[in-house]
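Biologist: I'd like a close look at one residue and the parts of the fold around it. Could you start from that spot and then work outward?

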Amino acid sequence: MQDEYRTVARAGVHETEINRSRFLCALAPAATEQEAQEFIAGVRKEHAAATHNCWAYVIGADASVQKASDDGEPGGTAGVPMLQMLLRRDMRYVVAVVTRYYGGVKLGAGGLIRAYGGAVGEALDDVGTLTRRRFRLATVTVDHQRAGKIQNDLRSTGRTVRDVRYAEAVTIEIGLPDSDVVAFRSWLADATAGTARLELGGEAYGDA
């Protein structure tokens, strides 16, 4: 697994005009290829009257799935520049659709490449990006007396508290970088006089 990846902070649309053609770039996070395809279908339906709805997406923290479409523009002038812009910005789990409403002036191959790639770049700047880091899920089980202080200490040191459950003991779910596990285990033992229990689970990604 990659240690981290970047993706878009939210779904959004950015519009730009080049030689009277309108270019609307719609961006969205997409966890799977199916999500990306559904987003593309939604934009195509919304802009059915547009001249072109070109798209590109990158799925996987290691960019294992990369696809693009020129949707009728000359080959290699739309989808590929869009995909290249996503990869140049290290974007993952993201889908981009650039809708073009033709304004009567031909841009030429070079102009189209700059327009489609540029539309994605501007949209990324406008919508914003975030980094998601790999971490290990861990569960801390501690008595009620110490639970409040442990939670406060966890949050004050920037660790992610994902869930807290109260029963006979208090169970706190957290996310830890692998490199932090040994030091955390030692800190927890000191902080609770050895009374807390730490169990390690699987791996996931979370906001950095």
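Is Ile-59 buried or exposed, and what is its relative accessible area?

Modeller: Happy to. This is a predicted model, in which local features need pLDDT of at least 70 and side-chain atom pairs count only at pLDDT 80 or more, while totals for chains, interfaces and linings use all residues. Numbering runs from 1 along each chain as its sequence is written, and side-chain values use heavy atoms, with hydrogens and water left out.

Ile-59 is buried, with a relative accessible area of 7%. Buried means under 20% relative accessible area, exposed means over 50%, and partly exposed lies in between, using a 1.4 Å probe and protein chains only. Ile-59 belongs to strand β4; helices (H or I, at least four residues) and strands (E, at least two) are DSSP runs numbered from the N terminus. If residues up to four places away in sequence are set aside, Ile-59 touches Ala-30, Ala-31, Thr-32, Glu-33, Ala-36, Ser-64, Val-65 and Tyr-93, where contact means heavy atoms within 4.5 Å. For one of these, Ala-31, the C-alpha atom is 7.0 Å from that of Ile-59, although 28 residues separate the two in sequence.

Tyr-93, from that contact list, leads us to the aromatic rings. Rings of Phe, Tyr and Trp (its six-membered ring) pair if their centres lie within 6.5 Å; planes under 30 degrees apart count as stacked, over 60 as edge-to-face and the rest as tilted. By this rule there are 5 aromatic pairs. The rings of Phe-23 and Tyr-116 have centres 5.2 Å apart and planes at 90°, so they form an edge-to-face pair. Phe-23 sits in strand β3 and Tyr-116 in helix α3, 93 residues apart, and the pair thus links distant parts of the chain. Phe-23 is buried at a relative accessible area of 0%, and Tyr-116 is likewise buried at 0%. Tyr-93 itself is linked by ring pairs with Tyr-5 and Tyr-205 into a cluster.

Next come the nonpolar cores, each a set of buried Ala, Val, Leu, Ile, Met, Phe, Trp, Tyr and Cys residues joined through side-chain atoms within 4.5 Å. The largest has 26 residues, and Cys-25, Leu-27, Met-82, Leu-86, Val-98, Tyr-116 and Val-120 are the members that touch the most others. Two or more residues each come from β3 (21–29), β4 (52–59), α2 (79–88), β6 (94–101) and α3 (108–127). The top contributor is α3, with 8 residues. Val-120 shows how these pieces meet: beyond its neighbours within four places in sequence, Val-120 is in contact with Cys-25, Met-82, Met-85, Leu-86, Ala-96 and Val-98. A second, separate core holds 16 residues, including Ala-147, Ile-172, Ala-196 and Leu-198.

The structure holds 0 of them. Cys-25 is in none, and its nearest cysteine sulfur, that of Cys-54, is 11 Å away. Cys-25 is buried, with a relative accessible area of 0%, and Cys-54 is buried at 0% as well.

UniProt, in an unreviewed entry, lists residues 20–124 as "domain: Impact N-terminal"; its positions are given in the numbering used here, feature names are shortened, and annotations may be inferred rather than shown by experiment. The end C-alpha atoms of residues 20–124 lie 22 Å apart, and the span is 39% helix and 29% strand. The UniProt annotation "domain: UPF0029", also from an unreviewed entry, covers residues 140–194. There the end C-alpha atoms lie 12 Å apart, with 44% helix and 31% strand across the span.

Gln-145 is in helix α4 (residues 144–156) and counts as exposed at 73% relative accessibility. Its C-alpha atom is 9.4 Å from that of Val-170, 25 residues apart along the chain. Asp-180 lies in the loop between β9 (170–176) and α5 (181–191), yet counts as buried at 19% relative accessibility. The side chain of Asp-180 makes a polar contact of 3.1 Å with that of Arg-159. Such a contact is a pair of N or O atoms within 3.5 Å; within protein, one must be able to donate a hydrogen and the other to accept it, and residues adjacent in sequence count only if both atoms are side-chain atoms.

Technical notes:
A disulfide is a pair of cysteine sulfur atoms within 2.5 Å.
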